[in-house]
Amino acid sequence: MGVRDTTQATVAPTHAERAVADLLDIEAAPAKARAVLDRVPFWFHTFALNRRAGLYTPGVARDHRYRIPALPRRFDGRSVLDVGAFDGFYAFLAEARGARRVVAIDNEQYRLWVRARWGVELRGGEGFRAIHALLASGVEYRRLDAFDMSEMDERFDLVFCFGILHRVQDPLALLRLTRARVAPGGCVLVETYGSVGGDGGPAIDVLAPRAVYPRDDYVYWGFAAASLERLAAQAGFASVDVIGRPVVDGHPRILASMGAA
């Protein structure tokens, strides 16, 4: 996932950003959409607030199109957990596609990352709350660290773990905690930074601070497919299906579905 390094207020969404954002039909009244744009100082996700008026949030996530084929067209009857939700695009999309229950969690430590990289001060959760209100959404939001997921007393049919694994110091522990939140027969969709060495072996790249993105000290690992599969097995997953290994703005990514027995 490439990210944009420029002032958000002046940036129009690219074709790639719109292709994802348009999947979630918000169509807020133009006045309400503009008020949201004025109120929220920073966006990670691009939302189509009102496509007819060309009103989109200026998200910094450049191109998530590779995730979309892995998502169900309908979530009817499923429960969904979005780990590290940030602005919550995928949680809201699951709800819009018929999920019976959606919970989004984030520890909001992204505030440190946003301050260091863009010089923007956030309270945390601004974007999520704004979209939640526009949609009159029923998605439940919890300010909760992923490593505290054991505090939750329910399991989910589908768990999103997008863009998180390479940003934690103990990826195996995170996978084990995530596995414990999966209902029997459910799965976790994991997307993370890939190994620059490709899939020649079970390598995990150990990345230096700021080696991947400028002013970003929070990317620790790059995973080859074999290393991700071995971590998943140690975490207790019954199966791993590597769905894609795209390169976005020169950055390798890896997307996998990890199934529970």
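This is a predicted model: local features need pLDDT of at least 70, side-chain atom pairs count only at pLDDT 80 or more; totals for chains, interfaces and linings use all residues.
Residues are numbered from 1 along each chain as its sequence is written, and side-chain values use heavy atoms, with hydrogens and water left out.

The structure contains 2 cavities of 30 Å³ or more, a cavity being a set of points on a 1 Å grid over the protein atoms alone where a 1.4 Å probe fits but cannot get out, with lining residues having an atom within 4 Å of a point. The volume of the largest cavity is about 90 Å³, and its lining comprises 6 nonpolar, 3 polar and 3 charged residues, among them Glu17, His45, Arg62 and Phe89. Helix H1 (15–21) contributes the most to this lining, with 4 residues, and helix H3 (89–96) supplies at least two; helices are DSSP runs of H or I with at least four residues, and strands are runs of E with at least two. The second largest cavity, of about 30 Å³, is lined by residues including Phe42, Tyr110 and Leu122.

In strand S6 (residues 156–162), 6 of the 7 residues are buried, that is, under 20% relative accessible area with a 1.4 Å probe and protein chains only. Strand S6 pairs in the parallel sense with strand S3 (residues 79–83) over 4 bridges, where pairing requires that DSSP finds at least two bridges, and Phe160 is the bridge partner of Asp82. Strand S7 (residues 182–193) runs parallel to S6 and is joined to S6 by 6 bridges, with Val188 as the bridge partner of Val159.

Key. On a 1 Å grid over the protein atoms alone, a cavity is a set of points where a 1.4 Å probe fits but cannot get out, and a pocket is an open set with protein on both sides within 12 Å along at least five of seven lines; lining residues have an atom within 4 Å of a point. Grid points are joined across faces, edges and corners, and a volume is the space filled by probe spheres set on the points. Ala, Val, Leu, Ile, Met, Phe, Trp, Tyr, Cys and Pro count as nonpolar, Asp, Glu, Lys and Arg as charged, and the others, Gly among them, as polar. Buried means under 20% relative accessible area, exposed over 50%, partly exposed in between (1.4 Å probe, protein chains only).
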